[in-house]
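Reader: I would like to go through this model and ask what stands behind the terms used for it. Please give the value and the cut-off each time.

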Amino acid sequence: MSIAEAGAAGLRAVPRGLTRGLWLLLVLLGWELLARVSASAFVIAAPSQILQHAASHAGLLWRAFLTTLWAAARGFFWGNLAGITLALVAVMLPRTERLLATLALLVFCLPLVATGPILRVLYGPGEGPQVTLAALAVYYTTFLPVMVGLRAVPQGWLDLVRSYGRGGLTLLREVRLPAALPYAVAGLQIAAPAAFLGAMVGEFTGAERGLGVLTVRALRALDLPATWTIAVIAAGASVAAFAAIGALGRRLELAPPEVLLAAPAPRQSRRWAGLANGALALVVTLLLWKGAMEAFGLPQFFAKRPEDVWTYLLTDAAARARLLEALAETLSLALPGYLCGLGAGAGLAMALALAPRLSSAILPLAITLRSIPIVATAPLIVWALGRGAAGTVAVVALMIFLPTLVACRHGLARTPRAVLDVFAVYAASPLRRLLGAQLAAMLPAFFASARMAIPAAILAVTTAEWLATGRGIGALMATVASTSDYNMLWAAIALIGLAAALAHGLVSALERRILARTNPEQLAR
Amino acid sequence: MDRRAGIAEQNRDITLEGVAKRFGTKGRLVEAVAPIDLVLQGGRTTALVGPSGCGKSTLLRLIAGLELPSEGRITIGEETPAELRQRAGLAVAFQDPALLPWRTVAGNVALARSLARMPRDGAAVEDLIRLVGLSGFDRHRPAELSGGMRQRAAIARALAGLPELLLLDEPFGAVDELTRDRLNAELPPLWEARGATAVLVTHSVTEAVRLSDRILVLTPRPARIAADIAVTLPRGPARDPGSEPFRATCAQVLAALREHQLPGSIAAQ
């Protein structure tokens with residue numbers, strides 16, 4: 001054994017836990033140093049300050065944490081139950097799938113910033129809004145993968161069950177449900193941090209207890225250590241929940257799902273069929289909107305019906321101008337943030353494919369960071385980058401960057417082994433391999449995250465505007481909610497929903513066009 | 001009543017009357033199977049051979065009722081394929097083994113019994129697994145097996161439900177030569193002894209001659225019947241691939257295949 005080999009073996013002999021501990025210590029030291037150096041800038045709280053704050057407010061923080069956790073857990077349960085039920089209905093009744101998927105997306109795009117205050121009026125004091133918002137924050141990210149998992153069953157498995165003359169229920173029990181299980185676990189894993197986020201947003205809207213309440217208080221008082229402490233606690237809880245569900249999945253020996261997200265619905269054979277579907281979704285949305293309000297007898301004062309919003313927007317020119325201006329301001333920040341996040345995520349994934357050594361260092365970090373709720377980080381980022389455009393753009397980009405990176409990595413890893421071998425046989429350069437083989441394999445995952453990034457971008461931009469910058473439609477919604485201008489609030493919600501649906505349609509159309517060339521198998525059903 | 005006991009006495013002939021299959025929509029229509037009239041005798045084994053992509057598998061799927069014919073009708077005895085499937089009288093060994101990855105080999109084989117609404121029988125499952133040479137692998141998941149082993153598991157699964165009609169789509173395509181030879185000798189008695197009907201799709205002329213009572217040579221797409229060759233060799237030593245009558249039958253099948261190959265194929269040049 002050469003000396004070098006012995007040295008390498010010795011390094012490997014150091015227990016992994018110890019190496020990780022050393023890394024953590026280094027990071028903490030660097031953080032402390034950075035905080036001390038930049039103390040005058042008043043941006044970063046040092047770990048020592050955070051510890052100090054946590055120690056001196058341990059009781060308060062612990063009680064707040066438990067409150068938020070309990071609300072998040074209940075929202076997690078109800079949201080996932082709803083998501084899984086919806087997915088089952090969509091798969092068992094394929095005719096409803098398109099409509100259900102559209103409605104689920106629309107509801108998911110409702111800005112929490114606006115739904116929070118409305119739910120607060122609806123529920124009054126108490127934990128209702130927190131639980132509802134937590135449920136709203138998780139159901140879509142469970143619905144989508146579970147639906148894909150239930151549906152993404154090879155033809156051969158379907159034929160097998162059919163060849164014994166057995167029908168839908170056997171298929172569901174023997175094939176679809178077991179096939180969907182890994183997808184469900186992946187969905188639940190993403191849902192855990194999201195539920196925490198939803199519960200905190202619910203608490204922003206005027207709860208009495210919880211981490212969200214403390215965050216608002218700390219932000220108002222410009223209490224830097226307190227803000228950081230809460231962010232660290234929220235992030236820690238999210239990462240822990242994310243890791244726990246991942247460990248559970250490994251315990252069940254589930255193979256990770258092949259693709260996390262669905263291909264877009266195939267293009268209708270006739271142009272008018274697509275339009276008819278869109279129109280149907282619009283009509284059903286409006287009917288549900290109005291129907292639910294009438295059915296529950298919600299007072300017209302705060303529960304505006306579609307026709308109220310329509311009349312308001314048509315008659316009040318000043319309000320219309322104010323709303324459109326705010327929307328334009330928001331979009332001018334959300335769009336660059338969206339593109340930056342997608343570009344950076346896909347770019348880094350490709351760079352890591354060229355330099356695989358780096359990826360083992362970066363990926364675990366990315367997966368961990370992905371699970372940190374944006375609410376925890378938004379105030380910190382805006383605090384660091386200022387209340388100008390850069391801060392908001394960065395919040396949006398960061399929110400999208402990590403999921404895109406992880407999804408694109410999955411996509412790159414799905415390049416067929418045999419295709420890679422062909423490139424290896426000709427000793428093709430990594431760049432050649434990337435462009436010739438891996439890029440095409442990455443595209444479906446990239447587009448899937450581009451679609452999922454739309455609600456994420458809306459959530460990020462409105463939250464940042466609301467909590468920190470005080471501009472754009474997020475701030476507008478917060479203002480009008482506090483002055484009970486419910487006409488404006490509902491108009492803003494409707495407009496955001498419309499913008500999200502349009503953006504989603506645009507991305508899906510682009511996706512279909514490109515995948516039809518590069519990955520036609522993804523569009524087959 | 002034991003529906004699996006007296007198969008032989010009933011009429012189990014597979015009758016195809018003017019059966020044709022087209023895929024796709026207007027403008028991009030692919031004619032897979034040209035109108036075919038055919039009777040496959042019950043209780044016998046028929047092999048379908050022909051060039052790749054000629055529609056052999058489609059024909060098999062039509063008989064299984066997994067595809068519906070664009071024209072014509074198919075009956076098996078007095079029943080439609082759907083009716084036969086309803087009472088689990090049919091099994092398919094698919095070209096792509098289509099094993100469920102979360103079940104073990106034994107679990108996959110047992111699944112067929114449960115799908116066919118038969119009681120659990122661990123011993124029967126074990127016997128089948130031994131017969132296809134997978135003893136010791138019954139607790140393994142499909143991902144841990146080679147391609148040939150997966151195909152053997154799929155054959156065991158197809159046999160597990162004691163089907164009256166067994167449809168085999170390239171069942172031994174990925175199985176190594178020696179194992180294939182052994183399976184060719186040991187498996188057919190399993191269904192022949194029960195009087196079950198079998199339809200086999202294969203690329204291998206030797207295999208077709210070895211296993212079947214009748215060989216249908218199909219033309220390139222759309223599939224038509226180019227030749228209908230009865231294999232009269234008695235079972236047993238006469239079916240040794242080295243024997244003179246065996247080689248003569250193979251030559252007959254090959255000649256029919258050559259006569260009907262695609263104009264652009266390698267052999268035609």
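Reader: What is the bridge partner of B:Thr45 in β7(B)?

Author: The partner of B:Thr45 in β7(B) is B:Ala198. Please keep in mind that this is a predicted model.

Reader: How do you know that β3 and β7 of chain B pair?

Author: Two strands pair if DSSP finds at least two bridges between them. Strand β3 (residues 45-49) of chain B and β7(B) have 4 bridges, in the parallel sense, so the pair meets the cut-off of at least two bridges.

Reader: What makes β6(B) and β7(B) a pair?

Author: They share 5 bridges, and the sense is parallel. The requirement is at least two bridges, so they count as paired.

Reader: Why is β7(B) called mostly covered?

Author: A residue is buried if 20 or more other C-beta atoms lie within 10 Å of its own. In strand β7 (residues 197-201) of chain B, 5 of its 5 residues are buried, and mostly covered is the description that goes with this count. As for direction, B:Thr197, B:Val199 and B:Val201 point one way, B:Ala198 and B:Leu200 point the other way, and all are buried. In a regular strand the side chains alternate between the two faces of the sheet.

Reader: Which sheet holds these strands, and what is the order?

Author: It is an open sheet of 6 strands in chain B, with the order β5-β6-β7-β3-β8-β9 and mixed pairing.

Reader: Why are β5 and β9 of chain B said to stand at the edges?

Author: β5 (90-93) and β9 (225-230) of chain B each have a single partner strand, so one side of each is left without a neighbour in the sheet. From one strand to the next, the twist averages 15 degrees. For β5(B), 4 bridges join it to strand β6 (residues 165-169) of chain B, and the two run parallel. Within that pair, B:Ala91 has B:Leu166 as its bridge partner in β6(B).

Reader: What is the order of the open sheet of 3 strands in chain B?

Author: The order is β2-β1-β4, and the pairing is antiparallel. Here β2 (30-40) and β4 (71-76) stand at the edges, each with a single partner strand, so each has one side without a neighbour in the sheet. The twist averages 20 degrees from one strand to the next.

Reader: How do you know that β1(B) and β2(B) are paired?

Author: Strand β1 (residues 14-23) of chain B is joined to β2(B) by 7 bridges, running antiparallel. At least two bridges are needed, so the term applies. B:Val19, for instance, has B:Ile36 as its bridge partner in β2(B).

Reader: Turning to chain A, what makes A:Thr141 buried?

Author: A:Thr141 has 26 other C-beta atoms within 10 Å. The cut-off is 20 or more, so the residue is buried. A:Thr141 is found in helix α7 (residues 128-151) of chain A.

Reader: Which residues does A:Thr141 contact, leaving aside its neighbours within four places in sequence?

Author: They are A:Gly187, A:Ile190, A:Ala191 and A:Ala194. A:Ile190 is 49 residues away along the chain, and its C-alpha atom is 7.0 Å from that of A:Thr141.

Reader: Why is helix α18 of chain A called hardly covered?

Author: The count of buried residues among the 9 residues of helix α18 (residues 417-425) is 0. Just after α18(A), A:Ala427 takes a positive phi of about 50 degrees.

Reader: What makes a group of residues a nonpolar core, and how many residues has the largest?

Author: The members must be buried residues of the nonpolar kinds Ala, Val, Leu, Ile, Met, Phe, Trp, Tyr and Cys, joined through C-beta atoms within 7 Å. The largest such core has 223 residues, and those with the most contacts inside it include A:Ala492 and B:Val109. Helix α19 (residues 430-469) of chain A gives the most to this core, with 21 residues. Not counting residues up to four places away in sequence, A:Ala492 touches A:Ala114, A:Leu323, A:Ile473, A:Leu476 and A:Met477.

Note on methods:
Residues numbered from 1 in each chain as written. Chains lettered and ligands numbered in written order. Predicted model: local features only at pLDDT ≥ 70, side-chain atom pairs only at ≥ 80, totals over all residues. Buried ≥ 20, exposed ≤ 12 C-beta atoms within 10 Å, placed from the backbone. Contact = placed C-beta atoms within 7 Å. Axes fitted to C-alpha atoms, helices over the stretch in contact; angles between N-to-C directions.
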